[in-house]
Amino acid sequence: MTDRDLSEQIKKVTMEIHTRAEKTELMMSFMRGQVTLAQYKLLLCSLYEVYQTLEEEMERNSNHPGVAPIYFPTELARLDAIAKDLEYFYGRDWREKIVVPAATKRYCHRLRQIGKENPVFLVAHAYTRYLGDLSGGQVLGRIAQKSMGLKSSEGLSFFAFPGVSNPTLFKQLYRSRMNSVELTEEERNGMLEEAVRAFELNIQVFDDLQKMLLTIPKQKLQTCSTQSVDTLQIPI
Ligand code: HEM
């Protein structure tokens, strides 16, 4: 690793905003072991929209020289896992029940724009989500299971990466692939800016979700499809 490695530069430039993301109300709820079913379900809805867009744009650009090295659909794709979790919590008609805040739409809009106009910047977005999921996300999954009193790993597929047997090694490979992408100086600077923006977009989604929890009637949020979940008391 050298100072010129994109993986090092991106980590450095997002360090401060990573701490901000950790301190959002939603992430703090996870860390305190107090995440509620209502919070988690709303998060899953937004993640579904975000990953649908990200994975669509990644696939469409999978032959692009800037995207191909970090395109790992078998190992990383999250969309089907999230769909499974949504079906578990909302039932078979989960698609009709998805609710997302404006911030999620803005995030998706940016992903589409990048996919069309500057696909190489998808690296910054894929890094922010997938490496995050493979890092702190692993701890959050275990905490979520306990917090919500879920008996099995059902509803928690989002956190599981069956195609990645060793996350640490996989992250090393991912970073080396990021570093293999050829970038002009202008592109490199743009990439670093885009990574900070990707974190910012995530923070805005988390903050908007918290606001939604205050406005959506409790009954609506507590509609659940399974026995085990129905019997839970959900403090929101
Ligand atoms: C890395 C924790 C939220 C994105 C990490 C690492 C930890 C961590 C411990 C380092 C793992 C390692 O060095 O191997 C947490 C915790 C969070 C949280 C406790 C919330 C409570 C987030 C969020 C995002 C994110 C919301 C982005 C949306 C990342 C990324 C990395 C990372 C991209 C990889 C950094 C790198 O190695 O370049 N996180 N994180 N994290 N996290 Fe988070």
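**View 1. The shell around the ligand.** The ligand has 16 residues around it, with Lys11, Met27, Gly132, Ser135 and Gly136 the closest (a residue is near a molecule if its C-beta atom, placed from the backbone, lies within 6 Å of it). Two or more shell residues come from each of α1 (6–22), α2 (25–31), α7 (122–133), α8 (136–147) and α10 (185–215); helices here are DSSP runs (H or I, at least four residues), numbered from the N terminus. By type, the shell splits into 8 nonpolar, 6 polar and 2 charged residues, where Ala, Val, Leu, Ile, Met, Phe, Trp, Tyr, Cys and Pro count as nonpolar, Asp, Glu, Lys and Arg as charged, and the others, Gly among them, as polar. Keep in mind that this is a predicted model: local features need pLDDT of at least 70, side-chain atom pairs count only at pLDDT 80 or more, and totals for chains, interfaces and linings use all residues. Residue numbers start from 1 along each chain as its sequence is written.

**View 2. α6 against α10.** The axes of α6 (residues 102–117) and α10 come within 8 Å and cross at roughly 160 degrees (axes are lines fitted to C-alpha atoms, for helices over the stretch in contact, with angles from 0 to 180 degrees between N-to-C directions). That angle makes α6 roughly antiparallel to α10, the word used for angles over 145 degrees. The crossing is left-handed, as the near helix is turned anticlockwise from the far one by less than a right angle. On the α6 side look for Ala102, Ala103, Thr104, Arg106, Tyr107 and Arg110, which meet Leu201, Gln204, Val205 and Asp208 in α10 (contact puts C-beta atoms, placed from the backbone, within 7 Å). This contact holds 5 nonpolar, 2 polar and 3 charged residues.

**View 3. α7 against α10.** Here the axes also come within 8 Å, but they cross at roughly 45 degrees. α7 and α10 are therefore oblique to each other, and their crossing is right-handed. Val123, Ala124, His125, Tyr127 and Thr128 in α7 meet Met191, Glu194, Ala195, Ala198, Phe199 and Asn202 in α10. The tally for this contact is 7 nonpolar, 3 polar and 1 charged.

**View 4. α8 and what follows.** With 12 residues at 1.5 Å a residue, α8 should span 16 Å, and its end C-alpha atoms agree at 16 Å apart. Just after α8, glycine 149 takes a positive phi of about 65 degrees.

Terms used
Angles under 35 degrees count as roughly parallel, over 145 as roughly antiparallel, 65 to 115 as roughly perpendicular and the rest as oblique. Two residues are in contact if their C-beta atoms, placed from the backbone, lie within 7 Å. The expected span of a helix is 1.5 Å times one less than its number of residues.
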